[in-house]
Amino acid sequence: NFNVGVRGEILPKLQGEGRVGYQDRSFRGVGSGSRSTMSADIDFSYFATPKLTILTGLFRDFGVAGDATSVTSTGGSLGARYAFNHLVSAQGGLNYVERRWQGINREDDTFDLNVGLNYTPNVYLTLSAGYIFRSNDSTVQVLDFDQNIFSLSASLRY
């Protein structure tokens, strides 16, 4: 994996970070061989108002499936975060990922719609609740699905 990255303020209300590179992978097992691809991970945060932040991102990367085949993932996201006050914030967004399996005839398109709420009573504790609707469309018809994911979490830091 060879890449170059940058991070910083682009404009007074726009921050970004990213890396762009090239990956070369050799592997054994199912679909053994060598694969290469361009990789990228680019994120932008636009601070529209003191309470509203617009978030966007693009990525491309290798992954490994459960059966040890190589998967190329390409996607993007668009979202927003709103701070009601210093204790409560909400976020929502859309995500898209296209996954292509190497060596087999499978491609999945996954769409996520997510919303969430955070409560941070102090710098050490965050309580969160969230919902994700996920839809997967696969070239392998039995792998098509829709999911409803609900989550509750507590995060402690020290």
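Author: Buried means under 20% relative accessible area, exposed means over 50%, and partly exposed lies in between (1.4 Å probe, protein chains only). At 8% relative accessibility, Thr 53 therefore counts as buried.

Reader: What kind of model is this, and how are residues numbered?
Author: This is a predicted model, in which local features need pLDDT of at least 70 and side-chain atom pairs count only at pLDDT 80 or more, while totals for chains, interfaces and linings use all residues. Residues are numbered from 1 along each chain as its sequence is written, and side-chain values use heavy atoms, with hydrogens and water left out.

Reader: How many helices and strands does the protein chain have?
Author: The protein chain has nine strands and zero helices. Helices (H or I, at least four residues) and strands (E, at least two) are DSSP runs, numbered from the N terminus.

Reader: What percentage of the residues is buried?
Author: Of the 158 residues in the protein chain, 25% count as buried. The C-alpha trace spans about 55 × 35 × 30 Å along its principal axes.

Reader: Back to Thr 53: where is it, and what does it touch?
Author: Thr 53 belongs to strand β4, residues 52–64. Contact means heavy atoms within 4.5 Å. Leaving aside neighbours within four places in sequence, Thr 53 is in contact with Ser 45, Tyr 46, Phe 47, Gly 79, Ala 80 and Arg 81.

Reader: And Ser 73, is that buried or exposed?
Author: Ser 73 is buried, having a relative accessible area of 12%, and it is found in strand β5. Beyond neighbours within four places in sequence, the contacts of Ser 73 include Phe 59, Asp 61 and Val 97.

Reader: Where does Leu 87 lie?
Author: Leu 87 lies in the loop between β5 (70–83) and β6 (88–101). This residue counts as partly exposed, at 26% relative accessibility. Leu 87 and Tyr 119 are 32 residues apart in sequence, with 5.5 Å between their C-alpha atoms.

Reader: Changing topic, how many salt bridges are there?
Author: The structure holds five salt bridges. A salt bridge is a side-chain nitrogen of Lys or Arg within 4 Å of a carboxyl oxygen of Asp or Glu.

Reader: Why can such side chains pair?
Author: Side chains of opposite charge can pair when their charged atoms come close.

Reader: Which residue pairs with Asp 112?
Author: Asp 112 forms a salt bridge with Arg 134, and the closest N and O atoms are 2.8 Å apart. Asp 112 lies in strand β7 (residues 107–122) and Arg 134 in strand β8 (residues 125–138), so the pair ties together parts that are 22 residues apart in sequence. Asp 112 is buried, with a relative accessible area of 13%, whereas Arg 134 is partly exposed at 24% relative accessibility.

Reader: What about Arg 106 and Asp 108?
Author: Their side chains meet in a salt bridge of 2.8 Å, N to O. Asp 108 counts as buried at 3% relative accessibility, while Arg 106 is partly exposed, with a relative accessible area of 22%.
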